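Please walk through this protein from its overall make-up down to single residues. Keep the sequence and the structure side by side while reading.

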Amino acid sequence: MRQTLQRLPQWTATLTWKAAAFITVMCCGLAALLGILVHVSVTDQTVGEARGRALDRLTDVTTRYEAGDRLPPDAGVDLPGLPTALRELAGDGKRGTMVGDQDGHPTMWAAGPADGARALAVQYDYAQGAHTIDALARAIVWSSALAIGATLLVGSFAVTRVTRRLHATAQVARRISGGDLDARVNDARTQDPTRPPDEVGAVAGALDTMASSLQSKLLSEQRFTADVAHELRTPLTGLHAAAELLPPGRPTELVRDRVAALRTLTEDLLEISRLDARSERLELDSEPLAPLAERVVRASGTDTEVRVVRDVRVETDRRRLERVLGNLVANAHKHGAGPVVLTVDGPVVTVRDHGRGYPDYLVAHGPQRFRTEGGSKGHGLGLTIALGQTEVLGARLTFGNPPEGGALATLTLPQSDLSEQLSGAS
């Protein structure tokens, strides 16, 4: 049974289908119940009237029979076609009626005892009653079908309006989760104060309120980050200039190193604020991927192996792509362990180290700002910037831990038709 249910089409799980099925079942049940009640009531009334007329006719015929008068053509003793059960009932000295069929014609029989254990019977035309019952049955079936169809159409229309609003609300929620904080449902019932809100409108209004609150908080955070970074640049510039004037020595080297780290952090904060504001603009150009990756590794000054499985030419922003790859390589050396390998396989670039691997939270939810694991060094902004620049490039960056150990970052770049042709030619 469970396997059968699992094979059902996906659309059967929708609220519209369930509501339509529920309305149909309820209408069919109600129509069947009312139809049975009406049919039984009318049938009992029709049969009862015909039975009464047949018994009255039997009483009249019995009086004639006992007086020795001539009986009418539809009455007689042991008439042919008289049902056996009714004949036996009359033989026992009782009167009764029964609906039967005489030469294909509906007939109401009435019989009573006669002399010699014979049955005195009359037949009454029951065609009109049978026709009335058949017509009633057909009318019940057609009216029930019409009522079910009309109710199903009206119910489906009403449910579809609700589900359409629910789908719109769900679509807006997905847009918000994707980063579009300007998305709103703007449900009509929440916009018009004269209309009483329903449950769907309440959900839509709550979602809009949540999105507005979330947008306000995120914008405040972005402004704070940008303001702090901008305010730090001026004193850091003076501090850097002052550090350059210090006499040579170990304390001077420590001061210069910390000032450089602070300047790097400030620039990273400014870059994150620009990414959060979605103000970045691409400067696309056609670039061969393997030479670009080799330049990034040389500029990093690290012992990183570059493997080229298949080179392609991609349409991308060279500066942003170099920033992404540089941050991935730097993170692999800072938080992982050697050997570090950068592999180019078509539009897919991977950076693999052999350290302890990425933390579980990072693999599941992506990098989080300023969060590090186990007392490791670093500010935790490198991977955040790499992920943000990847989104600007329209690429995809994922993080994982291979079964054999280490950490693996996979960058998948969008590939144009031109790059596919080049890769195929190579």
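Predicted model: local features only at pLDDT ≥ 70, side-chain atom pairs only at ≥ 80, totals over all residues.

Residues are numbered from 1 along each chain as its sequence is written, and side-chain values use heavy atoms, with hydrogens and water left out.

The secondary structure comes to 12 helices and 11 strands. Helices (H or I, at least four residues) and strands (E, at least two) are DSSP runs, numbered from the N terminus. The protein has 426 residues, and 34% of them count as buried; buried means under 20% relative accessible area, exposed over 50%, and partly exposed in between, with a 1.4 Å probe and protein chains only. Of the contacts with a separation of 6 or more, 62% are between residues 24 or more positions apart, a contact being heavy atoms within 4.5 Å.

Strand 3 (residues 105-113) and strand 4 (residues 119-125) run antiparallel and are joined by 7 bridges. Alanine 110 stands opposite valine 122 of strand 4.

Another open sheet has 5 strands in the order 6-8-9-11-10, and its pairing is mixed. Its edge strands are strand 6 (304-310) and strand 10, each of which pairs on one side only. The twist from one strand to the next averages 15°. Strands of a sheet pair through backbone hydrogen bonds, either parallel or antiparallel. Here strand 9 and strand 11 run antiparallel, joined by 6 bridges, and aspartate 353 has alanine 407 of strand 11 as its bridge partner. Strand 10 and strand 11 also run antiparallel, joined by 5 bridges. Across this pair, threonine 398 stands opposite threonine 410, and glycine 400 stands opposite leucine 408. The hairpin of strand 10 and strand 11 has 6 residues between the strands, and glycine 405 there takes a positive phi near 105°.

What lies across strand 6, strand 8, strand 9, strand 10 and strand 11? Helix 9 does, running at about 20° to strand 9. Helix 9 also packs against helix 11 at an angle of about 150°, with the axes 9 Å apart. The two helices are therefore roughly antiparallel, the term for angles over 145 degrees. Their crossing is left-handed, meaning that the near helix is turned anticlockwise from the far one by less than a right angle. Among the residues making the contact are Arg320, Leu321 and Asn331 of helix 9 and Leu383, Ala386 and Leu393 of helix 11.

Asparagine 331 lies in helix 9 and is buried, with a relative accessible area of 15%. Leaving aside residues up to four places away in sequence, asparagine 331 touches Gly336, Tyr358 and Leu383.

The largest nonpolar core has 31 residues, and Leu289, Leu321 and Phe399 are among those with the most contacts inside it. A nonpolar core is a set of buried Ala, Val, Leu, Ile, Met, Phe, Trp, Tyr and Cys residues joined through side-chain atoms within 4.5 Å. The elements giving two or more residues to this core include helix 8 (289-300), helix 9 (318-335), helix 11 (382-393) and strand 10 (396-400). Helix 9 gives the largest share, 6 residues. A second, separate core of 14 residues includes Ala54, Ala75, Ala114 and Ile133.

Threonine 132 is found in helix 4 (residues 127-177). Threonine 132 is partly exposed, with a relative accessible area of 31%. The C-alpha atoms of threonine 132 and threonine 46 are separated by 8.2 Å, although these residues are 86 apart along the chain.

How values were computed. Pairing = 2+ DSSP bridges. Axes fitted to C-alpha atoms, helices over the stretch in contact; angles between N-to-C directions. Parallel < 35°, antiparallel > 145°, perpendicular 65-115°, else oblique.
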